[in-house]
Every structure is written in C-alpha cells, then in structure tokens.
Amino acid sequence: MEKKGLNLTLKIWRQDNAQAEGKFVSYEAKNISPDCSFLEMLDILNEQLVDKVEKPICFDHDCREGICGMCSLYINGCPHGNDSGITTCQLHMRRFKDGDTITIEPWRAKAFPVIKDLVVDRTAFDKIIQAGGYVSVNTGGIPDANAIAIRKENADLAMDAAACIGCGACVAACKNASAMLFVSAKVSQLALLPQGQIEATERVQNMVAKMDELGFGNCTNTGACEAECPKEIKLTNIARMNREYLAANLL
Ligand code: SF4
Ligand code: FES
C-alpha cells in the first residue's frame with residue numbers, strides 16, 4: 001500500500017554570509033514520502049526552488065551514511081534532530097507527522113561562523129587536529145600491529161573514542177559552545193594506545209591551547225554534548241583529557 005505523503009511547513013534559516021543578518025523563511029513542502037531522508041526532503045525543496053528561479057538552500061553533506069560528519073543541522077532545537085545516535089543524514093521523514101512545522105537552523109557557535117544559510121565553517125576543528133591530533137612515529141605494518149600488546153579494554157575505549165566524526169554537534173548543543181567532547185575524543189583515541197605515548201604531553205597541551213584560542217567555551221558538565229552526540233562519545237573522555245592535561249603540566 002502506498003504511504004501517504006507528508007505536508008510540512010519548514011522554517012529555515014537563510015543568511016548570505018557571516019556578516020549578513022539572517023532570518024527564518026517559511027516554505028511549504030508538499031507530499032513528502034515518509035521514506036525520504038531529511039536531506040532528500042531538502043533536495044526536493046531545492047529542486048522546487050530552482051524551478052521557481054529562487055535561490056536553493058545551502059546545507060552541508062557528503063557521505064549521507066553517518067560517516068563523514070559533514071551534515072550539521074539543528075532541527076526543532078536539537079542537533080541532528082530529536083533522535084539519538086544518528087546524524088542528520090540518517091534521520092528519516094517517518095519521524096515527523098503530517099502537518100508538522102519543522103525549524104531548521106545552522107550550528108550556532110562563535111567558533112563556527114555561518115558561510116551561507118545552514119552551512120558553517122568548521123575549520124576550527126581542523127586547526128585543533130593540526131595542533132596535535134596525530135602521531136609522527138612509525139606505526140609499523142600489519143604484523144607489527146599484532147606484535148604490540150594492547151589491553152583489550154584500552155583497545156575498545158580507543159576505538160570508541162575514534163568513532164567521533166568531527167560533526168560539531170557537541171559544540172552546537174553546549175550552552176558554552178565548548179569543544180571538550182570532540183577534543184577529548186581525539187586526545188583519548190591516541191592517549192589509550194602505546195603509539196600515542198611519545199607525543200602525549202605536547203599533544204594535550206597544544207590541542208587544549210588551540211581550542212581555547214579559537215573561542216570555544218569551557219565545560220561546565222551539563223552533559224548536553226554526550227546527549228546529542230550522534231556517535232555516543234562518552235563524557236569519560238573529558239575526564240581522561242583533564243587527567244592527561246594535569247599530568248602534562250606537572251611534568
Ligand atoms: S564528539 Fe560527537 S558530537 Fe562532537 S564532533 Fe565528535 S561525533 Fe560530533
Ligand atoms: S553526510 Fe556524512 S555523516 Fe551525514
């Protein structure tokens with residue numbers, strides 16, 4: 001049986017650039033299949049706008065399967081929508097009801113200026129990674145990896161931390177626009193492994209310094225970042241980063 005299409009009102013943030021004043025503009029989306037993804041729904045709206053010779057809505061996306069971290073929409077007051085453990089591209093229209101009004105905004109944080117409409121500049125995250133989110137030692141080949149003994153618990157925790165896709169939802173969710181969850185995931189994934197030990201001291205110091213320099217706020221333990229993270233990165237990573245930072249500064 002064919003599923004009934006959804007008729008929706010979309011209140012979408014439109015802004016020409018970081019300096020321009022933005023505003024919400026309302027659009028009617030008609031007969032949207034509940035099987036569409038949220039981004040496909042925006043594609044359909046954009047096709048209709050282009051047909052009417054109106055400017056399409058700019059939004060970020062790439063893999064559309066929850067891997068790349070590019071999609072970044074604030075939907076009805078929640079980063080990646082009101083669902084847990086998924087990115088915007090994994091959100092489906094079946095989560096909405098016919099007649100709903102959906103408010104769509106960009107990430108809002110000083111360190112993520114709007115480029116256009118719903119697209120923000122997340123270069124700040126790249127700069128934090130450049131400050132220390134790497135190892136510059138020979139990690140060896142596949143046989144060597146098997147020869148380096150790593151506690152199972154540490155390997156699992158490192159893998160969990162490495163699941164962070166750098167989407168920035170943690171910053172957008174935080175009232176302080178803190179990047180602690182992101183930075184702590186990137187510090188943890190290396191701090192938990194032997195290959196990460198050689199540069200551990202400089203890494204945590206440099207990444208935290210860069211995070212502060214770029215205008216991210218402080219953590220006040222509200223837990224909003226963990227609640228909204230599509231990869232369910234845990235707050236315990238922040239505790240680990242704080243321990244690493246303290247230890248580095250005592251040396
Ligand atoms: S910690 Fe979670 S919310 Fe923050 S950037 Fe990584 S995946 Fe996105
Ligand atoms: S488009 Fe890649 S995670 Fe959503």
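**Entry 1: around ligand 1**

I began with the helices that contribute to the shell around ligand 1, and found that helix 5 (169–173) and helix 6 (180–191) each supply at least two residues of it. I keep in mind throughout that this is a predicted model.

I then asked which residues come nearest to ligand 1. Of the 13 residues around the ligand, I noted Cys164, Cys167, Gly168, Cys170 and Cys229 as the nearest. Sorting the shell by class, I counted eleven nonpolar and two polar residues, and I found no charged residue in the shell around ligand 1. For the site as a whole, I looked up which cavity holds the ligand, and recorded that ligand 1 sits in the second largest cavity.

**Entry 2: helix 6 and its packing partners**

Against helix 7 (residues 200–213), helix 6 packs at an angle of about 165 degrees, and the two axes lie 11 Å apart. The crossing of helix 6 and helix 7 I noted as right-handed.

I next turned to helix 2 (residues 123–132), which packs with helix 6 at an angle of about 30 degrees, with the axes 11 Å apart. Because angles under 35 degrees count as roughly parallel, I wrote down helix 2 and helix 6 as roughly parallel to each other. The crossing of helix 2 and helix 6 is right-handed.

**Entry 3: helix 7 and helix 9**

From helix 7 I went on to helix 9 (residues 236–250), and asked how the two are oriented: parallel, antiparallel or perpendicular? The axes of helix 7 and helix 9 come within 9 Å and cross at roughly 110 degrees, which makes helix 7 roughly perpendicular to helix 9. For the handedness of this pair, I recorded that the crossing of helix 7 and helix 9 is left-handed.

Conventions:
Residues are numbered from 1 along each chain as its sequence is written. Chains are lettered from A and ligands numbered from 1 in the order in which they are written. This is a predicted model: local features need pLDDT of at least 70, side-chain atom pairs count only at pLDDT 80 or more; totals for chains, interfaces and linings use all residues. Side-chain values use heavy atoms; hydrogens and water are left out. A residue is near a molecule or strand if one of its heavy atoms lies within 4 Å of it. On a 1 Å grid over the protein atoms alone, a cavity is a set of points where a 1.4 Å probe fits but cannot get out, and a pocket is an open set with protein on both sides within 12 Å along at least five of seven lines; lining residues have an atom within 4 Å of a point. A molecule sits in a cavity or pocket if more than half of its atoms lie within 2 Å of its grid points. Helices (H or I, at least four residues) and strands (E, at least two) are DSSP runs, numbered from the N terminus. Ala, Val, Leu, Ile, Met, Phe, Trp, Tyr, Cys and Pro count as nonpolar, Asp, Glu, Lys and Arg as charged, and the others, Gly among them, as polar. Axes are lines fitted to C-alpha atoms, for helices over the stretch in contact, and angles run from 0 to 180 degrees between N-to-C directions. A crossing is left-handed if the near helix is turned anticlockwise from the far one by less than a right angle, and right-handed if clockwise. Angles under 35 degrees count as roughly parallel, over 145 as roughly antiparallel, 65 to 115 as roughly perpendicular and the rest as oblique.
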